[in-house]
Amino acid sequence: MTQAGLARRIGMSRGSIANIEVGRQRIPLHLLTVIARELDVEPASLLPVGDPSSADVVPADRLRRLLPEDQTALQKVVRRAREQRGVYDGEG
Amino acid sequence: MARAESEATRLLAETAHSGPPINVEAIASHLRVQVVEEKLDRSVSGMLYRDGQHVVIGVNSAHSVRRRRFTIAHEIGHLVLHKGRPLVLDHVRVNFRDANSSTASDLEEIQANAFAAELLMPREHVIDATKRLLEDRTITEAAVIESLAQCFDVSDQAMEYRLINLGLRRQV
């Protein structure tokens, strides 16, 4: 199914679908089930994998070189910094 | 070492500080650095992390205010002096490294400490304050250190090292 096709069926613009796909636009929860039904998939299969509160806070290759307590410290600081900024601007 | 101190002096002039105690958080925000306090493993004193567009200094909230101030100043030192390192993690040390340490990372720690010392305890201010205190000829060495530490809002230990490095200790 094309973005335009899906957009037409659920009454949204193609641009919105494109934005939702790459994570630029947030959607209300009910829309997830509507989109999943149109695509004939489980809603969960459309969600990003993993725990967003811990994943991708710091790139894995950078973490791997640190001691466990340093990994924890770095993750805590980066997460708190992002919370304070009020944005989740990581890759995830 | 000279560069560490001149960079600290330049930064103080830039932020138009008004004498001790130095507002280290204001200096961080002048540099658009976000300071975050978190309870961290006690072996960790602080860190400097370049997170995409953002520069973050993390400080261990379990440590005392005076120690945290020094940590922030130390991390600002890494930021100003050691460009291009995405992550610096600093650990608690019993003693400051001595000047004979030779690895690159030791050298960077020494530079960051020298920067932090000059930022929080600017040479001229310390000399003036010490002279004033010594006008009281009965004052003890411990009292001088304690009084200066309070004035500059640093630990007694940091002030004692500062006095030694400025060659003021023997007068105290």
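1. Let's start with B:A117, which has its place in helix α4 (residues 104-120) of chain B; helices here are DSSP runs of H or I with at least four residues, strands are E runs of at least two, and both are numbered from the N terminus. At 12% relative accessibility B:A117 counts as buried, where buried means under 20% relative accessible area, exposed over 50%, and partly exposed in between (1.4 Å probe, protein chains only). Leaving out residues up to four places away in sequence, B:A117 touches B:F70, B:P122 and B:R162, with contact meaning heavy atoms within 4.5 Å.

2. A word on ground rules. This is a predicted model, in which local features need pLDDT of at least 70, side-chain atom pairs count only at pLDDT 80 or more, and totals for chains, interfaces and linings use all residues. Residues are numbered from 1 along each chain as its sequence is written, chains are lettered from A and ligands numbered from 1 in the order in which they are written, and side-chain values use heavy atoms, with hydrogens and water left out.

3. On to the cores. The largest nonpolar core has 43 residues, and those with the most contacts inside it are B:I76, B:F115, B:L119, B:M121 and B:M159; such a core is a set of buried Ala, Val, Leu, Ile, Met, Phe, Trp, Tyr and Cys residues joined through side-chain atoms within 4.5 Å. Helix α3 (residues 65-81) of chain B gives the largest share of this core, seven residues. Apart from this core lies another, of 16 residues, with A:A73, A:L74, A:V77 and B:V56 among them.

4. B:M159 deserves a look of its own. Not counting residues up to four places away in sequence, B:M159 touches B:M121, B:I145, B:L148, B:A149, B:F152 and B:V154.

5. B:T71 is also worth a click. B:T71 sits in helix α3 of chain B and counts as buried because its relative accessibility is 9%. Setting aside neighbours within four places in sequence, B:T71 is in contact with B:S45, B:G46 and B:V59.

6. Now the interface. Chain A and chain B bury about 1,600 Å² between them, 60% of it on carbon and sulfur atoms; buried area is the accessible area (1.4 Å probe) that two parts lose on being put together, summed over both. A:R62, A:V77 and A:R85 supply 33% of the area that chain A buries against chain B, more than any other three residues. The contact takes 17 residues from chain A and 21 residues from chain B.

7. What about polar links across that interface? The rule finds seven residue pairs in polar contact between chain A and chain B, both residues at pLDDT 80 or more. A polar contact is a pair of N or O atoms within 3.5 Å; within protein, one must be able to donate a hydrogen and the other to accept it, and residues adjacent in sequence count only if both atoms are side-chain atoms. Helix α5 (residues 68-85) of chain A gives the most to the side of chain A that touches chain B, with 12 residues. By class, that side has eight nonpolar, one polar and eight charged residues, taking Ala, Val, Leu, Ile, Met, Phe, Trp, Tyr, Cys and Pro as nonpolar, Asp, Glu, Lys and Arg as charged, and the others, Gly among them, as polar.

8. Salt bridges next. Between chain A and chain B the count is one: the side chains of A:R80 and B:E38 meet at 2.9 Å, N to O.

9. Within chain B, B:D153 forms a salt bridge with B:R66, the closest N and O atoms being 3.2 Å apart. B:D153 lies in the loop between α6 (141-152) and α7 (156-165) and B:R66 in helix α3, so the pair ties together parts that are 87 residues apart in sequence. B:D153 also forms a salt bridge with B:R69, at 3.4 Å between the closest N and O atoms. B:R69 is buried, with a relative accessible area of 10%, whereas B:R66 is partly exposed at 26%.

Terms used:
A salt bridge is a side-chain nitrogen of Lys or Arg within 4 Å of a carboxyl oxygen of Asp or Glu.
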